[in-house]
Amino acid sequence: MTAQTTAGHGHEDADRRRWWALAVIATAQLMIVLDITIVNIALPSAQRDLGISDADRQWVITAYTLAFGGLLLLGGRLGDLFGRKRVFTIGLLGFALASALGGAATGPVMLFGARALQGAFGALLAPSALGLLSTTFSDPRERSTAFGIFGAIAAGGSAIGFIAGGLLTEYLDWRWCLFVNVPIAVVTAFAAFTVLRRDHVGKGRRTKLDLPGALLGCGGLLAIVYGTSEAVTRGWGDGLVIGPLVLGVALLVVFVLVERRTAHPLLPVHIVAERNRGGGALSVGLAMVGMFGTFLFLTYYLQAIKHFSPIVSGLSFLPMTVAIVLSSTGFAARMMTRVPSRNLIGPGLLIAAGGLAWLTQMRVDSPWAAMVLPAELLIGFGMGLVFMPAISLATLGVAPNEAGAASAAITSAQQVGGSVGTALLNTVAASATASFLAGRIAADPAVRAQGAVHGYVVATWVATGVLVLAALVAVLMIDHRPAPGEAAAAVDGAAQPEAAAVPAVDGRPTDLRAAAAAEVRANVRPASEARARTGAERPPAD
């Protein structure tokens, strides 16, 4: 009787520990997402205070995205090799230090350097967070809830950043948009040390880091992010845009060839070659092409055209955030174990595309409640259906020792998609505005406002088309569907705690023999290849 009671208490403690771990992981993810947008609101004030030129101000954003996007693959693999808890904690403390340096910046160079450091430590944090989430929650019921919360934060954190940035900038100082990360990161690091499960990999069990793969993969992503960032100010025909883009694509092609022949690759090719993970990453990457530009245009529309204050502008994004959270946690999380994943991702992208199409009717004098609000609700509800199942697919069925690499793959898709989308849609909007103003009295403020809105509308039509394409990709590529009885398991899982201890593959409860068989099928290589690699040791599980 006492033994049973002790076992019951142990299970309850482990269950509470998992949900505390989710709180820690979600807080870190929220901090990363917030930092991407919160600095946008503070940028005009920082530019005036530090004397940053108009030509150089983009580096406050670009320095972060370059380091973050370029180092994601390496950051994900480091978590696999040295333990995700350790890399996650180091990332948090490093992010806190970099934020403090940025907030205390005395000149442009110091601020740019601090932002690059933030991006580098963010590249450690993001894949480690998703990898920890994947290995912590394997039960279908718990996994759907955890990924629903994580997906809602990933999708809605940007809008919260606009609100926080407006409040901090208007009532305190732009520096607090960076300083605010310090206490959050330090407290979260302490909590991570306390509640996250130890997954340290001993020196004798570590595999060799794939340095050629790191140089090729990170270099390729770095070149692509740099090229698209420069396209915002230089245009797509400039040599400093075309050159890095071509170089980046070439490096990634060589990267794939090298990884196929490497014993312990930085990014195992089978991770992204699997149609569900590849389709999910591609769908999310395309979605980010449209969504990042939309956030930017809506911000300019509300502040420059409608003359909203930073705080009011930030608050106007709140309905979208609420819609994302309700859709993700209230609907998508419940349906993930009942319907095929593409039945959520495809319709979600089309609903979001409908919201963008609604925005194409905006005019200078359009009321917020009748024009922006309905579009935000459609976009929020649609993207809430997308992020949770897509992020869950990213690590579905992946061996624990490869979870970091899988997490880095979808995070890289998001980052590259956002960078390309921002540059592409900015270029489209600027070109459309210039065409509109040609032959008109451009000095008239009313005409300039009409030209700006015309540019936003044209770019939003392009974003709508990209989201429709993403929906098509999701429907054609993703074929994952829940196993028979998984919905019942999701409901009854709490009444059968012993099932949680049984290994799960592909997010589905199985017995030990089925789990082992599925693991072999997921990772087995042809016999000829196995013979060629006799003696090659697989990376140890954490």
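Begin with the crossing of α3 and α7, which is left-handed (the near helix is turned anticlockwise from the far one by less than a right angle; clockwise would be right-handed). Helices here are DSSP runs of H or I with at least four residues, numbered from the N terminus. The model is predicted, local features need pLDDT of at least 70, side-chain atom pairs count only at pLDDT 80 or more, and totals for chains, interfaces and linings use all residues. Residues are numbered from 1 along each chain as its sequence is written, and side-chain values use heavy atoms, with hydrogens and water left out.

Select residues 84-103 for helix α3 and residues 181-195 for helix α7: the two pack at an angle of about 165°, with their axes 8 Å apart. Axes are lines fitted to C-alpha atoms, for helices over the stretch in contact, and angles run from 0 to 180 degrees between N-to-C directions. The angle makes α3 roughly antiparallel to α7 (over 145 degrees). Residues in contact (heavy atoms within 4.5 Å) include F88, L92 and F95 of α3 and V182, V186 and F193 of α7. By class, this contact of α3 with α7 holds 12 nonpolar, four polar and one charged residues. Ala, Val, Leu, Ile, Met, Phe, Trp, Tyr, Cys and Pro count as nonpolar, Asp, Glu, Lys and Arg as charged, and the others, Gly among them, as polar.

Y64, G75, L78, G79, D80 and F82 of α2 meet R84, R86, V87 and F95 of α3. Five nonpolar, two polar and three charged residues make up the contact of α2 with α3.

Next, select helix α13 (residues 318-335) and helix α15 (residues 368-394), which pack at an angle of about 35° with axes 7 Å apart. The crossing of α13 and α15 is right-handed. Among the residues in contact are M320, I324 and F331 of α13 and W368, L377 and F381 of α15.

Finally, select helix α17, residues 445-477. Its 33 residues, at 1.5 Å a residue, should span 48 Å, and the end C-alpha atoms are 48 Å apart, which agrees (the expected span is 1.5 Å times one less than the number of residues). At the start of α17, a side-chain oxygen of D444 lies within 3.0 Å of the backbone nitrogen of A446.

Note on methods:
Angles under 35 degrees count as roughly parallel, over 145 as roughly antiparallel, 65 to 115 as roughly perpendicular and the rest as oblique. A polar contact is a pair of N or O atoms within 3.5 Å; within protein, one must be able to donate a hydrogen and the other to accept it, and residues adjacent in sequence count only if both atoms are side-chain atoms.
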